[in-house]
Amino acid sequence: MKNVGKWIQTIHVWWGQYTAYRLNFFLQVIGPALVFFFVKFSLWTEIYHNMGPDSTIGGFTLNAMLQYHGWALIIAMLTQGHVNFDLSNDIRLGKISTYLIYPFDFWEYHTAGFLAFQTLEWPIAFLTGSILLFFSIIHLPALLPFLGILVLAVFLSFLWFTLQYLAGLVAFWLEETWILRVLFTIVATFLSGAIVPLDLFPKWFSSLLLYTPFPYMLYYPVKVAMGFVTLESKVFFIVAAWTLVFAIINRQVWRRGLRLYTGAGM
Amino acid sequence: MMGYIAIYKKFLDCAFSRATTFRTSFFLIVIMDIFFYASVLGSVDFIFQHVSNIGSWNRAQFLFFLSFMLAVDNLHMAFLSENFWLFALDLRSGVLDYIFLRPVSSIFLCFFRSIRIASMLNTPIVIYFLIHFGSGAGLGVADFILLPFLLILSLFIVAEIEIIIATLMFWLIEGNGINFLRMQLQNVARWPDFVYGQWAKRFFTFLCPVLLIGTPSVRFLFRKTDYFPLLCQCFAVIFLYFIMTRFWSYGLRRYESASS
């Protein structure tokens with residue numbers, strides 16, 4: 001409990017950093033999600049354009065497909081917005097030396113940054129959702145599944161954070177960690193069904209994906225939001241288990257990385 | 001001109017020695033690009049397992065268009081991309097002062113100095129996609145001879161648009177947001193113009209002409225009577241060059257050294 005004050009103060013510091021350049025924040029964080037949605041909206045509208053009004057692709061009508069991508073936008077904003085650029089820089093430029101003597105750990109500092117980001121991103125995601133709702137692109141599910149999705153989004157955002165954290169920690173060994181981050185984003189975006197719903201993937205491939213965390217990162221919550229599947233409690237355990245696995249890996253990587261760290265310039 | 005070629009040769013030498021120094025990063029870039037190509041082509045291929053056409057294009061035509069854009073992207077990654085990130089960094093840290101003092105074009109030094117050798121390793125893969133899907137789309141020998149010129153034309157437009165956008169960093173100081181904007185425009189350009197609605201198409205053709213990067217060239221390859229958009233593309237290269245140099249000079253006047 002004695003650390004709560006430090007956490008709140010650190011979150012305040014991060015808010016200041018995120019909002020110092022507001023246009024930059026918008027272009028970096030919200031812009032990509034909106035443009036991605038705009039492209040997908042246009043593409044799918046064109047694909048369905050030459051087909052009949054009730055035609056379906058992989059079981060999706062045009063409205064269902066647009067709703068899928070509308071919800072994909074919201075879920076992505078709630079869970080995948082946070083990208084930690086500072087973490088790898090802190091390691092590469094030797095700034096972690098300071099954290100090693102601070103009474104607030106390196107992981108605590110960056111987790112506070114993640115929480116600060118989420119508190120800024122969630123209202124924006126709700127606003128975006130309200131606009132999509134207003135234009136009838138998405139429809140609200142019943143209250144209980146909706147609350148379930150929000151809780152699942154919290155779980156998923158922590159999973160995303162641990163993965164981003166891992167990509168950042170690789171800076172102990174790699175000069176340029178952005179490559180790993182982009183590589184992971186490309187793979188996760190594709191395999192989580194953000195570009196094309198997994199229903200359109202070959203059956204053998206989508207079955208194989210169920211053994212990975214990817215479908216739960218976007219496809220599953222979107223299908224729950226659309227009312228196509230019911231939210232199962234085991235999903236929370238699956239996501240929590242993957243998060244725990246990556247948190248343990250992070251801890252090991254941090255320890256091994258520290259042994260390599262020389263704190264140049266100190 | 002010979003001076004610039006000599007400087008560029010030095011840039012290439014530096015790029016090669018950097019590539020051999022950071023070997024893990026080098027191979028990761030190769031893998032990253034391959035995954036990117038797989039995700040772009042795979043997504044559209046999955047869609048074409050359920051539909052026969054998107055707009056008026058069939059699977060081979062659409063995949064050829066994507067391959068064309070991937071080829072432009074490959075050239076962009078190899079020769080340009082990294083410079084925009086360096087520019088943002090240099091602007092903030094005051095390194096630009098030393099660049100502006102040199103008796104060489106500042107645009108050349110800012111946007112052509114860093115070359116990514118790793119991306120060049122993937123060029124044969126992209127060429128394979130172009131030939132494979134191009135043959136499927138019915139392109140002839142003459143079309144394939146024309147292809148490199150069209151790719152360079154497209155690369156010119158990308159470079160000009162992105163340098164114009166990057167010039168905005170003189171006003172914003174923190175340039176990463178601008179770089180993300182640049183990447184999003186690449187995302188828009190990656191699809192043919194008929195995918196977009198009327199207003200979006202007009203906006204991205206005339207005001208922010210990213211749709212002129214790929215669609216006119218590919219349309220012309222598919223149907224030679226469709227030459228007007230290609231003429232517009234050529235005109236855009238000249239017009240954007242004029243805008244780019246003017247806007248850059250204007251931006252330079254706004255530059256306040258971070259180190260002074």
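1. Let's start with the secondary structure of chain A in this predicted model. Chain A has 12 helices and 0 strands. Walk along the sequence and the pattern is simply α-α-α-α-α-α-α-α-α-α-α-α. The radius of gyration of chain A comes out at 20 Å, close to the 18 Å from the globule rule for 266 residues, so chain A is as compact as a globular protein of that length.

2. A few overall figures for chain A, if you want to set up a box. Along the principal axes, the C-alpha atoms of chain A fill roughly 70 × 40 × 35 Å. Of the 266 residues in chain A, 40% are buried. Take the contacts in chain A between residues at least 6 apart in sequence: 76% of them join residues at least 24 apart.

3. One backbone angle to look at is at A:Ser136. This residue is not a glycine, yet its phi is positive, at about 60°. For context, most residues other than glycine have a negative phi. Where does A:Ser136 sit? It is in the loop between helix H6 (106-134) and helix H7 (143-169) of chain A. A:Ser136 is also exposed: there are 11 other C-beta atoms within 10 Å, and the cut-off for exposed is 12 or fewer.

4. Now the contact between the chains. It takes 31 residues from chain A and 35 residues from chain B. On the chain A side, H2 and helix H8 (178-191) each supply at least two residues. Which helix gives the most to that side? That would be H2(A), with 13 residues. By class, the side of chain A that touches chain B has 22 nonpolar, 6 polar and 3 charged residues.

5. Over in chain B, have a look at helix H11 (residues 176-189). H11(B) has 14 residues, and from first C-alpha to last it reaches 20 Å, close to the 20 Å expected at 1.5 Å a residue. Its buried residues include B:Ile178, B:Leu181 and B:Val188, and also B:Asn179, B:Arg182, B:Gln184 and B:Gln186. B:Gly177 and B:Ala189 are on the buried list as well.

6. What do the buried residues of H11(B) pack against? Within chain B, the partners are helix H3 (59-79), helix H4 (81-93), helix H9 (141-167), helix H10 (169-172) and helix H12 (198-207). Across in chain A, the buried residues of H11(B) pack against helix H2 (22-49).

Definitions and conventions: Residues numbered from 1 in each chain as written. Chains lettered and ligands numbered in written order. Predicted model: local features only at pLDDT ≥ 70, side-chain atom pairs only at ≥ 80, totals over all residues. Helix = DSSP H or I, 4+ residues; strand = E, 2+ residues; numbered from the N terminus. Expected span 1.5 Å × (residues − 1). Buried ≥ 20, exposed ≤ 12 C-beta atoms within 10 Å, placed from the backbone. Contact = placed C-beta atoms within 7 Å. Rg over C-alpha atoms; globule rule 2.2 N^0.38 Å. Nonpolar A, V, L, I, M, F, W, Y, C, P; charged D, E, K, R; others polar.
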